Amino acid sequence: MSNLQLSEAVNRVQPSATIAVSNKAMELKRQGIDVIGLGAGEPDFDTPDNIKEAAIKAIHDGKTKYTPVDGIPELKEAIVAKFKRDNELTYTNSQVTVAPGGKPIIFNAFLATLNAGDEVIIPAPYWVSYPEMAIMCGGTPVPVACGANQNYKLTPEALEAAITPKTKWLILNSPSNPTGAAYTKAELRALADVLLRHPQVWILTDDMYEHLVYDGFEYFTIAQVEPGLYDRTLTMNGVSKAYAMTGWRIGYAAGPDKLIGAMRKVISQTTSNPCSISQWASVEALNGPQDFLAERNEVFKTRRDLVVAELNKAEGLHCPTPEGAFYVYPSCAGAIGKTSPGGVLIENDEIFATELLQHGNVAVVFGAAFGMGPAFRVSYATSTEALTEATKRIQNFCASLK
């Protein structure tokens with residue numbers, strides 16, 4: 001028997017529920033079971049050809065060596081240009097950091113800044129990794145409930161009430177994973193007014209789904225709305241979602257020199273540089289043609305409308321229409337207290353999701369993993385055919401509950 005004693009930090013952390021659901025769905029498929037997985041947060045589109053060609057060229061050109069730890073100058077220049085073009089934000093290369101994905105950006109920022117007792121305000125529902133990363137880095141996550149009656153968005157009153165002298169960070173994710181909710185300029189303005197009164201609070205904006213917005217929604221990020229917050233905002237983004245480059249593992253952020261320098265120190269002693277080939281591909285992603293984004297958004301919007309309409313036909317479910325991303329977050333409150341075809345009492349959304357997988361062959365992520373239930377997350381980043389069949393199965397499962 002091993003006598004290995006695990007660290008207190010890792011013992012406090014929960015494994016990723018979204019990854020667990022995707023793994024479970026894949027395992028059942030390998031067993032020959034016809035499971036439709038709606039758990040994965042990645043586009044089903046392929047990486048555009050011009051980006052692939054840039055990567056192939058980089059390989060042929062021998063761009064296969066170590067790079068500066070937090071990104072090649074060419075990629076930083078492309079990121080600086082992107083922030084100016086899309087967000088009216090002016091940065092220099094020294095204010096930019098690149099990492100192997102969005103997760104390391106957040107982790108590096110937290111490790112560089114959090115001390116024991118420092119609080120991180122996290123609007124709920126939240127992406128599953130935010131609180132766990134805060135915990136790993138010694139901080140204290142402070143979830144703030146943002147229910148469907150608030151369109152799953154943080155209000156100025158709730159933000160004001162959550163801030164204490166120990167507050168170090170506020171995370172703002174727009175459009176949101178898991179709900180797809182996105183903040184308007186006016187909503188960000190109201191939050192900024194609160195933050196201006198509390199200069200000790202830093203803001204981390206997770207803008208990973210920036211380009212995935214629908215119905216004419218106009219996207220803004222908070223440092224763009226309130227320049228007075230520029231010096232304490234880390235504006236994060238990446239190529240994974242909009243450019244269908246999840247496996248390439250490139251996230252980036254821009255912020256004050258002192259913070260970026262501290263994050264550079266962290267990455268120099270952990271992962272070191274992101275993949276060199278992925279970096280050159282990302283240069284092309286950011287500098288190359290952007291017209292395909294609108295074309296793909298039309299497809300996502302059609303899928304969103306299909307999923308929302310069909311889920312709202314299911315007995316006991318209520319599904320709001322989100323502004324962006326490729327998720328919906330239906331409430332399953334009407335199913336709680338019923339019994340599944342297998343005789344299991346549906347006491348919470350985790351049991352609902354488990355029984356749906358067991359008896360409906362559809363994999364979704366339960367709401368408690370995101371800090372708010374009873375609900376579940378559906379990713380509609382898959383084919384229309386799969387979504388049509390999956391929502392039919394969900395309807396049948398809900399109808400089978402007694």
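# A tour of the predicted model

Start at the largest pocket, which has a volume of about 640 Å³. This is a predicted model, in which local features need pLDDT of at least 70 and side-chain atom pairs count only at pLDDT 80 or more, while totals for chains, interfaces and linings use all residues. Residues are numbered from 1 along each chain as its sequence is written, and side-chain values use heavy atoms, with hydrogens and water left out.

A pocket here is an open set of points on a 1 Å grid over the protein atoms alone, with protein on both sides within 12 Å along at least five of seven lines; a cavity is a set where a 1.4 Å probe fits but cannot get out, and lining residues have an atom within 4 Å of a point. Grid points are joined across faces, edges and corners, and a volume is the space filled by probe spheres set on the points.

**The pocket.** Select Gly41, Lys103, Trp127, Lys241 and Arg249, which lie nearest the centre of the largest pocket among its 31 lining residues. Two or more lining residues come from each of α2 (17–30) and α5 (102–113); α2 gives the most, with five. Helices (H or I, at least four residues) and strands (E, at least two) are DSSP runs, numbered from the N terminus. The lining has 11 nonpolar, 14 polar and six charged residues. In this count Ala, Val, Leu, Ile, Met, Phe, Trp, Tyr, Cys and Pro are nonpolar, Asp, Glu, Lys and Arg are charged, and the others, Gly among them, are polar.

**The cavities.** Four cavities of 30 Å³ or more are found. The largest cavity has a volume of about 120 Å³. Select Pro123, Pro125, Asn173, Ser176 and Tyr183, the closest to its centre of the 17 residues that line it. Strands β3 (119–124) and β5 each supply at least two lining residues. By class, the lining of the largest cavity divides into 12 nonpolar, four polar and one charged.

Move to Ser174 and Pro175, joined by a cis peptide bond with omega of about -15 degrees. Pro175 is in the loop between β5 (167–173) and α8 (185–195). For another cis bond, select Gly373 and Pro374, where omega is about -5 degrees; Pro374 is in the loop between β11 (365–366) and β12 (376–379).

**The cores.** A nonpolar core is a set of buried Ala, Val, Leu, Ile, Met, Phe, Trp, Tyr and Cys residues joined through side-chain atoms within 4.5 Å. Buried means under 20% relative accessible area, exposed over 50%, and partly exposed in between (1.4 Å probe, protein chains only). In the largest core, of 79 residues, select Phe110, Trp169, Leu234, Leu317 and Phe352, which touch the most other members. Helix α14 (residues 384–400) gives the most to this core, with six residues. Beyond four places in sequence, the contacts (heavy atoms within 4.5 Å) of Leu317 include Cys332, Phe352, Ile394 and Cys398.

**Cysteines.** The structure holds zero disulfides, a disulfide being a pair of cysteine sulfur atoms within 2.5 Å. Cys332 is in no disulfide, and the nearest cysteine sulfur, that of Cys398, is 8.2 Å away. Cys332 is buried, at 0% relative accessibility.

**Positive phi.** Asn151 is in the loop between β4 (140–145) and α7 (156–162), and is partly exposed at 48% relative accessible area. Asp215, also not a glycine, has a positive phi of about 60 degrees, and counts as exposed at 52%.
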